[in-house]
Amino acid sequence: MAYRLLIVDDSPAMRTFVRRVIGLSGFDLAACFEAASAEEALDLLRSEWVDAILTDINMPGMGGEELLRCLAADEMLRSIPAIVISTDSTHHRQERLLALGARGYITKPFLPETLRSELETTLGETT
Amino acid sequence: MMATCLADALHEAVEDVLEKMFFAEAAPMDAETGPPEELLAAHVDFEGSPSGRLNLRITVPAARALAADFLGEEASDLSPDATAEVIGELANMICGSLLSRVESDTAFRLSAPVVAFETGPLVRESDGPASRLAALESGALRVCLVCESALP
């Protein structure tokens, strides 16, 4: 089964990298959307369905935490699993984001197979 | 924490980020001050316990090669802005990886990376003991950590 993903990160370089390693990992990708902010992600989700969201935390404006809150509060969007990708590997931050509704947490740096494994685990749980 | 432990953690963080995110290997180099070179310099400030700054300097050819590997593009096709953005991400990831090795239970707040082209020596006397110099295929990378307060 091929999946539709949304990458949310204010860094174009990081979005390109994540998209690239998803391809390198052999993950079955049907479509990959990108958003440069949480606001842009929420706009996009009004018109495009995705199977999972990969999001950064620290972004200008609405951050990843607020994005998770908005997803959880939205009846249509709350079922879309979100995986956080962050340089912050502290237990404190991971627990906080998982409590806010994140379904997975990937710490940078990561290997392509780690990203694939996290996606497959998360999507396996939801399908 | 002893400066040697911090230096070891910095060493591990640099190796880990280069290997996993840039598919690059770094070899150790003798840290000697050399002539001025064209560099990309980045820094990331962090707040927590401790607070401080991670400084990163990289020779421009090495920066372009790393950026090309990161983005999956040819180095000759990359703009200076794209190269600088990738080096900012490199500094950000090394800083995050280092801090998690030093204090995994403390929350840190990292600033956005600041990156600029400059001409100067890669290794400087002011770099301090928590520094790492790495030889890359197309140049060299210098990373230094400066803490405002003593580590617990």
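This is a predicted model: local features need pLDDT of at least 70, side-chain atom pairs count only at pLDDT 80 or more; totals for chains, interfaces and linings use all residues.
Of the 152 residues in chain B, 47% count as buried.

On overall dimensions: the C-alpha atoms of chain B fill a box of roughly 45 × 30 × 25 Å along the principal axes. The radius of gyration of chain B is 15 Å. A compact globule of 152 residues would have a value near 15 Å, so the two agree.

Next, the secondary structure. Chain B has three helices and seven strands. Along the sequence the pattern runs α-β-β-β-α-α-β-β-β-β. As for how the chain folds back on itself, take the contacts in chain B with a separation of 6 or more: 72% of them join residues 24 or more positions apart.

Now the interface. How many residues of chain B are in contact with chain A? The count is 22, and they meet 18 residues of chain A. Contact here is a C-beta criterion, within 7 Å.

Which elements of chain B give two or more residues to that side? They are helix H1, residues 3-22, helix H2, residues 60-71, and helix H3, residues 80-102. H3(B) provides the largest share, nine residues. By class, the side of chain B that touches chain A has ten nonpolar residues, seven polar and five charged.

Interface size is often given as the accessible area lost when the parts come together.

How values were computed. Residues are numbered from 1 along each chain as its sequence is written. Chains are lettered from A and ligands numbered from 1 in the order in which they are written. Two residues are in contact if their C-beta atoms, placed from the backbone, lie within 7 Å. Helices (H or I, at least four residues) and strands (E, at least two) are DSSP runs, numbered from the N terminus. Ala, Val, Leu, Ile, Met, Phe, Trp, Tyr, Cys and Pro count as nonpolar, Asp, Glu, Lys and Arg as charged, and the others, Gly among them, as polar. The radius of gyration is taken over C-alpha atoms; the globule rule is 2.2 Å times the number of residues to the power 0.38. A residue is buried if 20 or more other C-beta atoms lie within 10 Å of its own, exposed if 12 or fewer, and partly exposed in between; C-beta atoms are placed from the backbone.
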